[in-house]
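Welcome to my notebook. I opened a new model today and wrote down what I looked up, one entry at a time.

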Amino acid sequence: MSISKTTLVLLLFILVSEFAQAQDKHFTQFYAAPLTLNPALTGSMPGRYRVSGIYRDQWRGVLDNPYVTFGAAVDVNFDVEFDSRYKDQVAIGLLFVNDKVPEVDFSTNQISLSAAFHKGLDYDKKQFLSLGIQGTMAQRNINYENLTFDDEFNNLDAFDGITAEDLPGNNFGYGDLNVGLNYRLMPKSGYAFNIGVAMHHVLTPEVSFYATSTDKDDEPISKSSLYSKYSGQLSMQVPLSDNLFLLPRALFALQGPHLEINAGTNLRIKLNSFNNNSLHLGAWARPVTNNNGDTSLDAIVALVGIELGGVSCGLSYDANLSSYQTAGTGQGAFEFSITYIGSFDNEDIMCPKF
């Protein structure tokens, strides 16, 4: 790995470990990872169960081993009859997410259990109000054997000494809590509307490798607590013709001083008139605001996807436009998602895709 790449890896590690308040996982295809988006979307699907996976690969243009985020989830819903006039459901889901910087072997693993209640608001399954909650256990670790420091250099040809750096423990865990609310409306065939809000990191957990300091009363003082994140999500499906649909999507997320907006639209093209097999083409933009209050266009995104029965696949590419762009190299991100919905019914209970 060249000196410039080594410097970049160390810079990335410092940013992640020292300014973890500003860090959180995110996916461009946010609706393809519904359990990471809003706990209220657990079990919200046109079927009985769902198995999904999403993979994000970024900084490949400047790193030999790129920064990778992977998520996998399964969720299932059950009909309940608190009131026989309404079609209520309860749902549970299990989510696993891994973030990793391979060059320094720094990773975060999260496993989450979520539950949701979908309350029918009318007699014909056109409106639902959903409430969800999600508990998370996370673990962070780093392999110090992959890091070198100035005092390890032998002044000749190798870093083979022993560092005097005061390094903290390389592994720790923490708990977290997320909650969400979602409303969905299917006013007539082909039309759908979803709006939701979520709060992540309710417990604002400590995420630093370094031990917390204490005040004069020996009470812990958090050094790097994760900011709570507040998000809003909006999706629609509007038919333009019998086989052509417009699918606008928007995500608003505020975490501490950082703001991210991910907005765009997919064009859904049905491949025939006999089933839901469809092709998706999409374009997106992601403006962000950093902790200095500066707003910029972070990336533009292109997406292609396909639906075949209960299977949906999406492939997207983020063209990074930030000021961190290195001359002559690309710092974009590839993302691939796949979802299978079992006991697939129809689109009366519409879940947003991609």
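This is a predicted model: local features need pLDDT of at least 70, side-chain atom pairs count only at pLDDT 80 or more; totals for chains, interfaces and linings use all residues.

**Entry 1: a charged pair**

Which residue forms a salt bridge with R286? I looked it up and found D298, with the closest N and O atoms 3.0 Å apart.

I then checked where the two partners sit. Are R286 and D298 buried or exposed? I found that both are buried.

The pair also belongs to a network. Salt bridges with shared partners join R56, R286, D298, D318 and E335.

**Entry 2: the strands around that pair**

Strand 13 covers residues 278-289 and strand 14 covers residues 295-308. I noted that they pair in the antiparallel sense over 12 bridges.

I picked out two places along this pairing. S278 stands opposite E307 in strand 14, and L281 has V304 of strand 14 as its bridge partner.

**Entry 3: the neighbours on either side**

One of the contacts I wrote down is N266, whose bridge partner in strand 13 is G282.

Then I turned to strand 15, which runs over residues 311-320. Strand 14 pairs with strand 15 in the antiparallel sense over 10 bridges. Here L303 has S316 of strand 15 as its bridge partner.

How many residues lie between strand 14 and strand 15 in their hairpin? I found two, and G309 in this turn has a positive phi of about 60°.

A reminder to myself while looking at strands: in a regular strand, side chains alternate between the two faces of the sheet.

**Entry 4: other salt bridges**

How many salt bridges does the count come to? It comes to nine. I looked at two more of them by name.

In one, the side chains of D79 and R48 meet, with 3.2 Å from N to O. D79 lies in strand 2 (residues 67-80), while R48 is in the loop between helix 2 (34-37) and strand 1 (49-58), so this pair ties together parts that are 31 residues apart in sequence. D79 is exposed, since its relative accessible area is 53%. R48 is partly exposed, with 30%.

In the other, K100 pairs with D105, and their closest N and O atoms are 3.5 Å apart. Both ends came out partly exposed: K100 has a relative accessible area of 32%, and D105 has 22%.

**Entry 5: negative charges on the surface**

Which residues gather in a patch of negative charge on the surface? I listed D150, D151, E165 and D166. I looked up D150 in particular, and its place is in the loop between strand 5 (127-142) and strand 6 (171-185). D150 counts as exposed, because its relative accessibility of 72% is over the 50% cut-off.

I kept one general point in mind here: most residues other than glycine have a negative phi.

K125 is not a glycine, yet its phi is positive at about 60°. I located K125 in the loop between strand 4 and strand 5, and it is partly exposed with a relative accessible area of 28%.

H201 also went into my notes, with a positive phi near 60° in a residue other than glycine. Where is H201 found? It is in the loop between strand 7 (192-200) and strand 8 (213-214). H201 counts as buried, because its relative accessibility of 4% falls under the 20% cut-off.

**Entry 6: one last residue**

I finished with Q110, which is found in strand 4 (residues 106-120). At 12% relative accessibility, Q110 counts as buried. The C-alpha atoms of Q110 and V97 are separated by 5.1 Å, while the two residues are 13 residues apart along the chain.

Conventions: Residues are numbered from 1 along each chain as its sequence is written. Side-chain values use heavy atoms; hydrogens and water are left out. Two strands pair if DSSP finds at least two bridges between them. Helices (H or I, at least four residues) and strands (E, at least two) are DSSP runs, numbered from the N terminus. Patches are made of residues with over 30% relative accessible area and no salt bridge: like charges are joined within 9 Å, nonpolar side chains (Val, Leu, Ile, Met, Phe, Trp, Tyr) within 5 Å. Accessible areas come from the Shrake-Rupley method with a 1.4 Å probe; for residues, only the protein chains shown count as cover. A salt bridge is a side-chain nitrogen of Lys or Arg within 4 Å of a carboxyl oxygen of Asp or Glu. Lys and Arg count as positive and Asp and Glu as negative; His and the chain ends are not counted. The place of a charge is taken as NZ of Lys, CZ of Arg, CG of Asp or CD of Glu. Buried means under 20% relative accessible area, exposed over 50%, partly exposed in between (1.4 Å probe, protein chains only).
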